[in-house]
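Please work through the following exercises with the sequence and the structure at hand. Each task is followed by a solution in steps.

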Amino acid sequence: MSSEPASDIIIALEIDDPALADRLATLLGSIAGLRLAAPGEQATATIVARNRDTAGGSDFELTPRELDVLVLLAEGASNKMIAQRLGISVHTAKFHVGSLLDKLDATGRTDAVAHAARRGVINL
């Protein structure tokens with residue numbers, strides 16, 4: 001009889017970023033009912049994450065101004081504050097925020113910052 005329960009889900013990691021692979025391995029290793037596949041072992045599921053350079057790049061590209069706006073969003077700035085800090089009109093700030101929401105497929109300002117952080121566009 002095997003020492004592992006029959007219901008364990010065996011996860012293989014195919015991740016280019018060693019730091020991310022280590023973090024995931026640590027997180028997944030602590031979940032009951034999951035275990036990481038040994039080298040050469042057949043996995044129930046595989047988590048695959050490729051470096052952006054090897055995966056054909058990001059699915060969106062932000063302009064330098066959008067990055068400036070994103071940083072200010074992460075600080076909690078309003079459109080008026082963004083406009084003042086960047087020396088642009090409130091209308092233009094609002095336009096950049098809307099563009100960010102579209103590109104990041106976000107439902108709001110906080111969601112945009114969260115998406116950008118998860119994608120590695122900004123560090124919080």
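**Exercise 1.** Determine where D105 is placed, and whether D105 is buried or exposed.

*Solution.* Step 1: D105 lies in the loop between α4 and α5, where helices are DSSP runs of H or I with at least four residues, numbered from the N terminus. Step 2: D105 is not a glycine, although its phi is positive, at about 55°. Step 3: the relative accessibility of D105 is 61%, so this residue counts as exposed (buried is under 20% relative accessible area, exposed over 50%, partly exposed in between; 1.4 Å probe, protein chains only).

The model is predicted: local features need pLDDT of at least 70, side-chain atom pairs count only at pLDDT 80 or more, and totals for chains, interfaces and linings use all residues. Residues are numbered from 1 along each chain as its sequence is written, and side-chain values use heavy atoms, with hydrogens and water left out.

**Exercise 2.** Describe how the axes of α2 and α4 are arranged.

*Solution.* Step 1: the two axes, lines fitted to C-alpha atoms over the stretch in contact, with angles from 0 to 180 degrees between N-to-C directions, come within 10 Å and cross at roughly 90°. Step 2: α2 and α4 are therefore roughly perpendicular (65 to 115 degrees). Step 3: in this contact (heavy atoms within 4.5 Å), α2 contributes R65, E66, V69, L70 and L73, and α4 contributes H96, V97, S99, L100 and K103.

**Exercise 3.** Identify the residues that L70 touches, not counting residues up to four places away in sequence.

*Solution.* The partners of L70 are L62, L100, L104, A112, V113, A116, V121 and I122.

Definitions and conventions: Helices (H or I, at least four residues) and strands (E, at least two) are DSSP runs, numbered from the N terminus. Angles under 35 degrees count as roughly parallel, over 145 as roughly antiparallel, 65 to 115 as roughly perpendicular and the rest as oblique.
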